[in-house]
Amino acid sequence: MAAIVEIDNLRKVYDGGFEALKGVTLTIEEGEILALLGPNGAGKTTLISTICGITNPGSGSVRVSGHDVVKDYRQARRQIGLVPQEINLEPFTKVIDTVKFSRGLFGKPRNDAFLQDLLERLSLWDKKDARTRELSGGMKRRVLIAKALAHEPRVLFLDEPTAGVDVELRKDMWDIVADLKAQGVTIILTTHYIEEAEAIADRVGVINRGELLLIEEKAALMQRFGQKHLQIDLHDAIETVPDMLGKYGLKLDTGGQTLHYSYDTRGDRTGITALLNDIAEAGLVLRDLRTEESSLEEIFVSLVKEGAA
């Protein structure tokens, strides 16, 4: 696929000397969903703001559909839709007028059928004549999404779009994301709900202290950094792990009836067969076995800790 967003050695230093971005280089492909993860203050919002032209870069370059976001701002910005973290709407404007204005702001021709379909998908059509000040917080968030999509952007930034909103909106949001992806729209997502990123992202980027620690396909990332965990439930409780099982690095639950064994998913051998044989040798009787894989959240936390070390 062709690159639609190209970021080259992007740096941003704020007044006072705080370096928010430290030479970020990133290429985002057309039609993909990229989840950008990082702790608070990592530089996610600064990166998005710079791509969208809200913040000027200190150095480096950003191009959207080949248009430089500084030298060719208008053309670059037309390609972008942004759903910001903060809810900032004109309180006395009707919902329908808000989205019509956003569409016209980018020079798009009138298309009432498109806007109706958009508002219906966001469960806003019955609120089209309501003033935004009359809406709940969740409904205001829906209006932000409608505004971002009103001019039919090719790149959509979602900066914590479901933070503090109801489950119904969250589901609607991801249904719309799936539809947009099917239409070839590129989506860059930041979220605190890492399980959402795990469910929908094609690639995952991890940023911390202004540096991009990695950018990788989600499946490959989880394969490369993931571990599997075997939970072994014993028939009878034990006080300590037998010495002959010490080489396996087992952890014993407080109750004494469950052993935990972790193994690398990349290894040719898991060691499970030998472990089970040695458990039997030690005279322990099994009651049940269960396996679990590392979640994206566990991998993210591990990467951030390594990056901060």
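Does glutamate 32 count as buried or exposed, and at what relative accessibility? Glutamate 32 counts as buried, because its relative accessibility is 4% and buried means under 20%. The views below come from a predicted model.

**Figure 1. The whole chain holds ten helices and 14 strands.** The chain has 309 residues, and 44% of them are buried. The chain exposes about 15700 Å². Carbon and sulfur atoms supply 46% of that area. Take the contacts in the chain with a separation of 6 or more: 70% of them link residues 24 or more positions apart.

**Figure 2. Glutamate 32 sits in the loop between β2 (19-29) and β3 (33-37).** Its side chain makes a polar contact with the side chain of arginine 203, at 2.7 Å. Residues up to four places away in sequence are left aside in the next list. Glutamate 32 touches Thr27, Lys181, Val185, Thr186, Ile187, Asp202 and Arg203.

**Figure 3. The largest nonpolar core has 32 residues.** Leu156, Leu158 and Ile187 touch the most other members. Several elements give two or more residues to this core: α3 (95-105), α4 (112-121), α5 (137-149), β7 (155-159), α6 (167-182) and β8 (186-190). The largest share, seven residues, comes from α5. In soluble globular proteins, nonpolar side chains tend to be buried together.

**Figure 4. Leucine 158 is one of the core residues that touch the most other members.** What does leucine 158 touch, not counting residues up to four places away in sequence? The list is Val83, Met173, Trp174, Val177, Ile187, Ile188, Leu189 and Thr190.

**Figure 5. Four strands form an open sheet in the order β2-β1-β4-β5.** The pairing is antiparallel. Strands of a sheet pair through backbone hydrogen bonds, either parallel or antiparallel. Which strands are at the edges? They are β2 and β5 (67-68), and each pairs on one side only. Strand β4 covers residues 59-64. Two bridges join β4 to β5, and the two run antiparallel. Valine 64 stands opposite histidine 67 in β5.

**Figure 6. Helix α1 (residues 44-51) packs on the sheet.** Helix α1 touches β1 (3-13), β2 and β4. The direction of α1 makes about 120° with that of β1.

Notes
Residues are numbered from 1 along each chain as its sequence is written. This is a predicted model: local features need pLDDT of at least 70, side-chain atom pairs count only at pLDDT 80 or more; totals for chains, interfaces and linings use all residues. Side-chain values use heavy atoms; hydrogens and water are left out. Buried means under 20% relative accessible area, exposed over 50%, partly exposed in between (1.4 Å probe, protein chains only). Contact means heavy atoms within 4.5 Å. Accessible areas come from the Shrake-Rupley method with a 1.4 Å probe; for residues, only the protein chains shown count as cover. A nonpolar core is a set of buried Ala, Val, Leu, Ile, Met, Phe, Trp, Tyr and Cys residues joined through side-chain atoms within 4.5 Å. A polar contact is a pair of N or O atoms within 3.5 Å; within protein, one must be able to donate a hydrogen and the other to accept it, and residues adjacent in sequence count only if both atoms are side-chain atoms. Two strands pair if DSSP finds at least two bridges between them. Axes are lines fitted to C-alpha atoms, for helices over the stretch in contact, and angles run from 0 to 180 degrees between N-to-C directions.
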